[in-house]
Amino acid sequence: MATGTAGLTHARPWQRVPTGDDAVAVAERAALGTSARVAVWPPENLGAACAVTGDVLAALDLQASRFRPDSELSWLNDAGGGLFMLGHGLAEAVGVALAAARWTGGLTDPTVGAALVSLGYDRDFAAISQGGEPLGIPALAPVPAPGWPLVRLDGPLLRLPPGIRLDLGATAKGLGSDRAARAVMSATGAEGGVLVSLGGDIAVAGTPPRDGWPVAVAEEPDQAVPSQLVRLAAGAVATSSVSCRRWRRGGAVLHHIVDPRTGHPADGPWRTVTVAAATCADANAASTAAIVAGARAQDWLTTAGLPARLTGHDGRVRRLGGWPADDGAPVPVPRGSHVYPGGPR
């Protein structure tokens with residue numbers, strides 16, 4: 001997971017966020033190298049929702065962080081290939097990543113780990129952004145992804161060829177939001193509803209507030225003025241952008257969305273893509289795939305039947321699949337999942 005942290009053992013406490021609405025309660029904190037936000041109704045469910053969401057994120061970090069030396073994924077990547085029996089959580093995370101790669105035709109690919117390392121994304125992004133460009137570190141030759149079909153997963157049994165390093169960044173935040181939303185509904189007896197956001201990758205569950213959950217569409221998680229406000233009654237929304245998580249290497253400005261076919265950062269016409277889907281892992285994979293697809297993104301999203309909002313480097317916006325043009329309008333959400341066995345969880 002490209003957005004891991006050094007660990008959640010000393011995670012900051014949840015902070016209540018004023019909403020001006022007594023019917024809904026919201027809290028947020030830093031997690032997984034980004035911001036986590038939980039919104040619930042009735043408001044008395046907030047404490048339980050924050051507790052179980054924290055547990056879900058801590059487990060995911062320990063399973064799938066590429067930057068924690070004690071994570072299960074780091075252990076795999078350092079082992080140099082072989083046959084491994086995975087824990088249930090990582091097995092699901094790898095399975096979702098492989099299913100996303102199959103669905104997107106390789107536009108997302110969990111075997112991009114070595115490509116990201118070669119570009120300098122070899123540690124938590126906060127350390128990269130604080131440290132700046134290391135002196136004397138040249139740009140390395142691009143490392144195309146070996147290819148997801150080389151990775152075999154049979155239940156919890158993973159066969160990983162030597163030299164392949166996994167990165168689950170195209171699906172892991174979406175998976176985390178999906179898991180947390182389900183866990184909150186279980187912990188609260190399916191009472192009311194919940195919205196979980198990890199860096200703007202949003203899953204909702206239960207009964208939404210009247211007119212749906214308000215969702216701000218933004219290019220960066222902390223953007224002061226959102227690009228659009230829409231309403232989400234079910235399913236999920238995720239955003240991928242090349243405008244954030246940028247750094248310099250060998251004099252070049254790089255970003256974190258890599259084209260698996262070349263090993264270079266994606267260089268298509270879109271700077272931001274937001275997608276609605278039945279699950280957040282689906283939306284996460286699709287928004288990343290659209291950035292990588294470049295000029296083919298609109299055709300791919302249309303064929304997939306996904307509502308989407310694409311912003312070009314020139315600032316122009318394209319809307320597909322019924323994505324609304326007006327602020328406050330509902331986003332249509334298709335049914336069915338391409339990344340979870342048996343459909344949405």
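Two strands count as paired if DSSP finds at least two bridges between them. By that criterion, this predicted model holds an open sheet of 9 strands with antiparallel pairing. The chain has 8 helices and 16 strands; these are DSSP runs numbered from the N terminus, with helices (H or I) of at least four residues and strands (E) of at least two. Residues are numbered from 1 along each chain as its sequence is written. Because the model is predicted, local features need pLDDT of at least 70 and side-chain atom pairs count only at pLDDT 80 or more, while totals for chains, interfaces and linings use all residues; side-chain values use heavy atoms, with hydrogens and water left out.

**The sheet of 9 strands**

- The strand order is S1-S2-S3-S7-S8-S11-S14-S15-S16.
- Strand S1 (15-17) and strand S16 (317-320) stand at the edges with a single partner strand each, so one side of each has no neighbour in the sheet.
- On average, neighbouring strands of this sheet are turned by 15 degrees against each other, direction ignored; axes are lines fitted to C-alpha atoms, for helices over the stretch in contact, and angles run from 0 to 180 degrees between N-to-C directions.
- Strand S15 (residues 308-312) runs antiparallel to S16 and is joined to S16 by 4 bridges.
- Within this pair, Leu310 stands opposite Arg318 in S16.
- Helix H7 (residues 280-293) packs on the sheet, where H7 touches strand S8 (201-206), strand S11 (236-241) and strand S14 (270-277); contact means heavy atoms within 4.5 Å.
- The direction of H7 makes about 30 degrees with that of S11.

**The sheet of 3 strands**

- A second open sheet, of 3 strands, has the order S4-S6-S5 and antiparallel pairing.
- Strand S4 (82-85) and strand S5 (152-154) are the edge strands, each pairing on one side only.
- Neighbouring strands here are turned by 15 degrees against each other on average, direction ignored.
- S5 and strand S6 (residues 157-160) run antiparallel and are joined by 3 bridges.
- Arg152 stands opposite Arg159 in S6.

**The pair S9 and S10**

- Strand S9 (residues 213-217) and S10 run antiparallel, with 5 bridges joining them.
- Trp213 stands opposite Leu232 in S10.
- Buried means under 20% relative accessible area, exposed means over 50%, and partly exposed lies in between (1.4 Å probe, protein chains only).

**Helices H3 and H6**

- The axes of helix H3 (residues 88-103) and helix H6 (residues 172-187) come within 11 Å and cross at roughly 130 degrees.
- That angle makes H3 oblique to H6, given that angles under 35 degrees count as roughly parallel, over 145 as roughly antiparallel, 65 to 115 as roughly perpendicular and the rest as oblique.
- Gly89, Glu92, Ala93 and Val96 in H3 meet Leu175, Arg179 and Arg182 in H6.
- By class, this contact has 3 nonpolar, 1 polar and 3 charged residues; Ala, Val, Leu, Ile, Met, Phe, Trp, Tyr, Cys and Pro count as nonpolar, Asp, Glu, Lys and Arg as charged, and the others, Gly among them, as polar.

**Cysteines and the whole chain**

- A search of the whole structure finds 0 disulfides (pairs of cysteine sulfur atoms within 2.5 Å).
- Cys50 counts as buried at 8% relative accessibility, and Cys280 counts as buried at 0%.
- Of the 345 residues of the chain, 55% count as buried.
- Among contacts between residues at least 6 apart in sequence, 66% join residues at least 24 apart.
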